[in-house]
Amino acid sequence: MPHPFTRRRFLATSAALGALPLFGRAAIGAEKLKVAGIHADPVENAWNSRIHAALTSAAADGTIDYVFSEGVAATDYARAMREYADQGVKLIWGQSYALEAEARQVAADYPETAFLMGSSGGPEGDNFGVFGTRNHEAAYLAGMLAAKMSKSGVFGSVGGYPIPEVNLLINAFRLGVKEVKPDAKFLNGFIGTWFDPPKAKEAALAQIDAGADVLFGERIGTADAAKERGVLAIGSLIDYTPRYPGAVFANAIWNFRPTVDAIVADVLAGKPVGRDYTEYSFMKYGGNELIYVKDQVPADALPAMEAKEAAIKSGAFEVPIDANEPA
């Protein structure tokens, strides 16, 4: 019977690690770790693309064997997790936001399989690790640049849902703006979906009509409105500059590879993975970074931003984490 979700493979060449216990002793170092990714959205979606790029990069380096499924509906998600575990996959990556209880039950049923799940909850047991998206430090720095580039003093943002991970990102951007421009005004909209570029564009156009001339695009489609109306935009997670030259001047990049390396090392060392891996998304680990088009940014905006960036990397300054829904 065909699967109701699409399954694809990447460098799935070596055998699974057999029946060795996962925790308590090290796996055989000569064999690659078999990893499966279960993506609710297409891997081209911005957030998923960062995880997919990290896992394919690790596979290309010979660290893991990687197989994945994409477009997996919530109704099929737990079954997909079980199928991969039954196949002997030793590390399953996933996103449990829409099915926390079900995902945790699957992990409890497969104690010798490691799970790393995007989650708003904490880790559980020895084998259910969690992570959160944290490119908020780069968003803060982008806000510092944006403050110098706005003429109206009104800044917009378009998000998917008001969950903590999205809220803290938008709030960090606002804090960065306010450090440079305390009297800034903010507009925000949530579109109620993770992937609907036309809807994100519509929300962004409404903010431009209300005076915003710099937009933080947590969702794809925001920059389309900026390009159409001749205002500026900031990308999130991935680099949108090539697609929107002149409109997108900065991007708050998320790098997932440090997280992948950390949990793979734990699994291969036979360590429990029931912990929070969110820290590896922080700038000090290389988990997020600001990239910007230097020719577009006023020269007087750079010294303060670069000083703050250095302070973040050294640990001298921590970007506040505010998970409350932006007003």
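Student: Which elements each supply at least two residues of the lining of the largest cavity?
Tutor: This is a predicted model, where local features need pLDDT of at least 70 and side-chain atom pairs pLDDT 80 or more, while totals for chains, interfaces and linings use all residues. Residues are numbered from 1 along each chain, and side-chain values use heavy atoms, without hydrogens and water. A cavity is a set of 1 Å grid points where a 1.4 Å probe fits but cannot get out, lined by residues with an atom within 4 Å of a point. Among DSSP runs (helices H or I, at least four residues; strands E, at least two), the elements are α7 (222-229) and β10 (232-237).

Student: Which element gives the largest share of that lining in the largest cavity?
Tutor: The lining includes Thr 222 and Ala 223, as well as Ala 233, Ile 234 and Gly 235. The largest share, three residues, comes from β10.

Student: What is the volume of the largest cavity?
Tutor: The whole structure holds four cavities of 30 Å³ or more. With volume taken as the space filled by probe spheres set on the points, the largest cavity has about 70 Å³.

Student: Which element supplies the largest share of the lining of the second largest cavity?
Tutor: β4 (91-95) and α8 (257-268) each give at least two residues. The largest share, three residues, comes from α8.

Key. On a 1 Å grid over the protein atoms alone, a cavity is a set of points where a 1.4 Å probe fits but cannot get out, and a pocket is an open set with protein on both sides within 12 Å along at least five of seven lines; lining residues have an atom within 4 Å of a point.
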